[in-house]
Amino acid sequence: MRGDPLKKSDFYSVIPPMRKGVVLPSIFSTQNENLHRMLKRPIAAVYSMSNLVSFEPLVDRTIEVFRQELDRRFVRSGEACDFGAWLQYFAFDVVGEITFSKRLGFLEEGHDVEGIMASIWNWFQYVAVVGQIPWLDLLWVKNTVVSRLRPAKWSPMVLFANKREEERRAVSTGASEKGDIQVNDRDFLSRFQAALDKDPSIPQWHVPHPPCLHGSIMRTGYRSDTTAIFLRTMFHQLLTHPSTLTKLRAELDEAASKGNLSETVTWKESLSLPYLNACFKEAGRIHPPFGLHLERIVPPGGMDVCGKTLPAGTIVGMNAWVVHRDPEVFGPDADAWRPERWLEGDEAYIKKMEASLLTFGAGHRICLGKHISYLEILKLVPTLLQAYDIELVGEASSMTVENRWFVPQFGFHVQLRRRESRAVNP
Ligand code: HEM
């Protein structure tokens, strides 16, 4: 193997939008390694584990609203809940809260605000198909002539981002009172802005185009879809494998009885729950949110892979759905949901499994936001399990799965009841 990182393939060239003939690249999609380095350097620290805890109060705020809405709409009325959709509302609102100190409003509204989710699904479908034949993209979406003629239409998410940015500018220039606007100096927007202000090497195209900057932040927000898929997997697997749910509940109840579990579970508490953490790893293994290969290009000079020499320019890739089912790594029951696999066996075996997980990618382009996802998921799952008895409505098979590059689930309905010891929110 060569030392240089492999570049991303043309699949990724389909992902960024084009506005008025200009492609708006992002740290996720760029194929240019120099640009990637330039974009990553100032913001990598914002995503770091040490910064994570400062986002916790923002996640807590959204969890509280989520619980209130579940109580109000489903617990008191006894109506079935489209849990899959509500987990997604949560994941979107938490990104709004972390990024802008303001939720997008999915939880309060109880539906897909301004068709944001639908527009993202359409985009995923486009990328999944056209990404296989990237030159097709040049004919329409990335056609510079067509793009210049097309009216510049920003997605509702980018407009939302721009509004928040304008509000902050108004505060900083004294045109508006800070009290009118909820600003948390530690949210993503404040931290990104501070990082950009400090680093003059940021490409100039970012500066005169705030929509580009904030659009890029919001495209990061699209990762809330992956978090929603992850949450659905975890709850659905637990509900359809009751022995594992019983074990997890026993772990939570024991911690609560010793006074080691808050009503809204803290990040620190969640780390001391081994079975919860095993369920987390197993969920990422059994249903990784990315359903297509993570494609890369063989560099000049070629590359040896498993004894075969591949010429320069060959597209190679690994698919987490395939890698995660390898019985040589994960055991003969690799197709089964069994969180226990992460708790048994020697340390070397567990390390080997961990090193083989591609849930968040691998190498220098590994997911930057993975710690944020850990934070959201490892807090929300035990908090809801403590608060509610959750029962699947209909057959386990009534939930369907579709591969649109991401692999979302549909038709996950549950009945929610408050657990005896917990009061219903007013
Ligand atoms: C369960 C949730 C998530 C999963 C499964 C996930 C998965 C991934 C994967 C597989 C990649 C690598 C893609 C590749 O190699 O082509 C990636 C990259 C990335 N992710 Fe995530 N992600 C999640 C959540 C998030 C969140 C919440 C954020 C931000 C707040 C985020 C930000 C990013 C960024 C910026 C990259 C590009 C990193 C780079 O190229 O340097 N992700 N993610």
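Colleague: What percentage of the 426 residues in the protein is buried?

Modeller: This is a predicted model, and the protein has 19 helices and 12 strands. A residue counts as buried if 20 or more other C-beta atoms lie within 10 Å of its own. Of the 426 residues in the protein, the buried ones make up 35%.

Colleague: Is valine 414 buried or exposed?

Modeller: Valine 414 has its place in strand β12, residues 413-418. Beyond four places in sequence, its contacts include Ile390, Glu391, Leu392 and Val393. Because valine 414 has 21 other C-beta atoms within 10 Å, and 20 or more is the requirement, valine 414 is buried.

Colleague: How many Å separate the C-alpha atoms of valine 414 and glycine 84?

Modeller: Along the chain, valine 414 and glycine 84 are 330 residues apart. Valine 414 also touches Phe83. The C-alpha separation of valine 414 and glycine 84 is 9.0 Å.

Colleague: Which residues does isoleucine 63 touch, not counting residues up to four places away in sequence?

Modeller: Isoleucine 63 belongs to helix α3, residues 56-75, and counts as buried with 22 C-beta neighbours inside 10 Å. Its C-alpha atom is 9.0 Å from that of leucine 384, a residue 321 places away in sequence. Leaving out residues up to four places away, isoleucine 63 touches Thr264, Lys379, Leu380 and Thr383.

Colleague: What is the C-alpha separation of serine 262 and threonine 383?

Modeller: Serine 262 is found in the loop between α13 and α14 (267-271). With 16 C-beta neighbours inside 10 Å, serine 262 counts as partly exposed. Serine 262 and threonine 383 are 121 residues apart along the chain, and their C-alpha atoms are separated by 8.3 Å.

Colleague: Which term describes the orientation of α13 to α15?

Modeller: Helix α13 (residues 242-257) and helix α15 (residues 274-286) pack with their axes 8 Å apart, at an angle of about 140 degrees. Angles over 145 degrees count as roughly antiparallel, and those from 65 to 115 as roughly perpendicular. The angle therefore makes α13, relative to α15, oblique.

Colleague: How many charged residues are in the contact of α13 with α15?

Modeller: Helix α13 contributes Thr244, Lys247, Leu248 and Glu251 to the contact, while α15 contributes Tyr275, Leu276 and Cys279. By class, four residues of this contact are nonpolar, one is polar, and the number that are charged is two.

Colleague: Which helix supplies the largest share of the shell around the ligand?

Modeller: Of the 20 residues around the ligand, Arg223, Thr226, Gly361, Cys367 and Gly369 come nearest. By class, the shell has 10 nonpolar, seven polar and three charged residues. Two helices, α12 (224-240) and α19 (370-387), each supply at least two residues. The largest share, three residues, comes from α12.

Colleague: At which residue does UniProt place the feature "binding site"?

Modeller: The residue in question is found in the loop between α18 (347-356) and α19. Leaving aside neighbours within four places in sequence, it is in contact with Phe360 and Gly361. In the unreviewed UniProt entry, the feature "binding site" is placed at Cys367.

Colleague: Is cysteine 306 buried or exposed?

Modeller: Cysteine 306 lies in the loop between β6 (303-305) and β7 (308-310). Its phi is near 50 degrees, a positive value in a residue other than glycine. Because cysteine 306 has 5 other C-beta atoms within 10 Å, and 12 or fewer is the criterion, cysteine 306 is exposed.

Colleague: What is the phi of tryptophan 405?

Modeller: Tryptophan 405 lies in the loop between β10 (400-401) and β11 (409-410). With 19 other C-beta atoms within 10 Å, tryptophan 405 is partly exposed. Although tryptophan 405 is not a glycine, its phi is positive, at about 75 degrees.

Definitions and conventions: Residues numbered from 1 in each chain as written. Predicted model: local features only at pLDDT ≥ 70, side-chain atom pairs only at ≥ 80, totals over all residues. Axes fitted to C-alpha atoms, helices over the stretch in contact; angles between N-to-C directions. Helix = DSSP H or I, 4+ residues; strand = E, 2+ residues; numbered from the N terminus. Parallel < 35°, antiparallel > 145°, perpendicular 65-115°, else oblique. Contact = placed C-beta atoms within 7 Å. Nonpolar A, V, L, I, M, F, W, Y, C, P; charged D, E, K, R; others polar. Near = placed C-beta within 6 Å. UniProt positions renumbered as here; feature names shortened; annotations may be inferred.
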